[in-house]
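I opened my notebook to look around a structure step by step. Here it comes, and my notes follow.

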Amino acid sequence: LVNVTRGRIPRELSVNFYAKSCPQVDQIVASVTSEQFREAPVSAPATVRLFFHDCFVEGCDASILISTRQGSKDLAERDALDNKELAVEAFESINKAKALVESKCPGVVSCADILAIAARDFVHLTGGPYYQVKKGRWDGKFSMASRVPSNIPHSNSTVNELLRLFSSKGLTLEDLVVLSGAHTIGFSHCKHFVDRLYNYKGTKQPDPAIDPRLLKALKMSCPQFGGNTDIVAPFDVTTPFSFDNAYYGNIESKLGLLASDQALSLDPRTKPLVQALAKDKQKFFLAFAAAMDKMGSIGVKKGPRHGEKRRDCSMHM
Ligand code: HEM
Ligand SMILES: [Ca+2]
Ligand SMILES: [Ca+2]
């Protein structure tokens with residue numbers, strides 16, 4: 001009851017937000033995510049990234065799920081370059097979960113909450129922590145591709161740039177290091193790291209901060225010119241399918257994939273935390289759960305003034 005204002009719109013997100021209106025929502029979503037994980041395991045990293053890209057642009061409001069209107073020249077976020085690589089399986093998981101939730105509790109649960117729940121499920125399904133997800137987000141009324149590039153970090157962003165972007169979202173240096181640990185699962189296309197292999201910062205030499213064996217392997221997958229643009233490499237060369245703390249040990253051993261990953265173990269501000277997380281998986285899991293909760297609160301809309309409740313996550317009301 002502490003979460004409830006005098007009006008009908010609660011002020012804070014809460015774990016029990018749907019206790020009356022859709023008490024089974026977590027289980028309903030779980031039935032979909034677990035099946036989706038069996039059928040298409042790539043849904044796991046893809047959905048975790050989808051949640052991140054949603055929260056960083058206009059807040060956690062499912063703005064990323066909106067499809068560009070047929071024939072419209074105003075592209076929705078989903079069609080921005082930085083979102084083009086988000087696997088369709090991630091969108092499918094959310095659509096399936098939404099459809100099942102609508103069949104049990106019509107018109108009640110936002111797409112933004114379903115995405116937050118599904119992201120948690122996939123972290124857990126890959127071996128990561130299980131944490132309670134707070135709910136009560138409304139879906140956003142806007143989705144513009146032009147808002148994406150300045151709000152999403154890039155592989156060549158410096159630690160200063162990353163810190164500035166994260167702090168503009170209310171996230172700290174610790175959140176940056178901990179959330180980057182999501183790169184313990186998933187894959188990256190060559191274009192995000194190819195400069196490190198052949199021409200680091202215009203030197204025509206590889207990045208000295210890459211282990212020579214990893215460099216050799218990555219060069220085999222990713223030629224400097226004319227390679228297949230569909231080729232991907234794992235972020236975590238040791239356990240790419242399991243959510244563990246191996247990411248941190250890797251970047252300490254010059255096995256980071258993106259310059260932005262490797263930078264976290266080189267910068268004196270972030271290095272101590274990288275070392276601590278590499279040593280202590282439990283510490284990483286607790287910190288990751290807390291940081292996901294914090295990221296999940298960015299720019300949340302809490303009522304019909306700024307938000308909507310979509311039936312179809314890909315279309316505004
Ligand atoms: C800190 C700055 C970050 C940068 C520069 C960054 C950049 C990238 C890039 C370039 C990719 C590869 C996309 C592709 O080629 O398909 C990627 C994938 C991924 N990112 Fe990040 N990311 C960052 C932070 C995060 C955060 C905070 C999360 C989640 C909490 C996250 C989760 C993921 C996941 C799970 C993948 C794998 C996607 C897949 O395999 O489908 N990233 N990221
Ligand atoms: Ca959003
Ligand atoms: Ca891993």
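Is T239 buried, exposed or partly exposed, and how many C-beta neighbours does T239 have inside 10 Å? I found 17 C-beta neighbours inside 10 Å, so T239 counts as partly exposed. The rule, with C-beta atoms placed from the backbone, is that a residue is buried with 20 or more other C-beta atoms within 10 Å of its own, exposed with 12 or fewer, and partly exposed in between.

**A note on the model.** This is a predicted model, where local features need pLDDT of at least 70 and side-chain atom pairs count only at pLDDT 80 or more, while totals for chains, interfaces and linings use all residues. Residues are numbered from 1 along each chain as its sequence is written, and chains are lettered from A and ligands numbered from 1 in the order in which they are written.

**The whole chain.** I looked up 12 helices and four strands in the protein chain. Those are DSSP runs numbered from the N terminus, helices being H or I with at least four residues and strands E with at least two. I also noted that 41% of the 317 residues count as buried. Along the principal axes, the C-alpha atoms fill a box of roughly 60 × 45 × 35 Å.

**The annotated sites.** In an unreviewed UniProt entry, "binding site" covers T184, D236, T239 and D244. They are spread over 61 residues of sequence, yet they cluster in space, with a largest C-alpha distance of 9.7 Å. UniProt positions are given in the numbering used here, feature names are shortened, and annotations may be inferred rather than shown by experiment.

I placed T239 in the loop between β3 (232–234) and α9 (246–252), and D244 is found in the loop between β3 and α9 as well. D244 has 19 C-beta neighbours inside 10 Å, so D244 counts as partly exposed.

Next I checked contacts, which need C-beta atoms, placed from the backbone, within 7 Å. Leaving aside neighbours within four places in sequence, T239 touches D244 and A246.

**One more position.** The unreviewed UniProt entry's "binding site" annotation also covers P153. I found P153 in the loop between β1 (139–140) and α5 (159–168). P153 has 18 C-beta neighbours inside 10 Å, so P153 counts as partly exposed. Beyond its neighbours within four places in sequence, P153 is in contact with L162, L165 and S260.

Note on methods
Contact = placed C-beta atoms within 7 Å.
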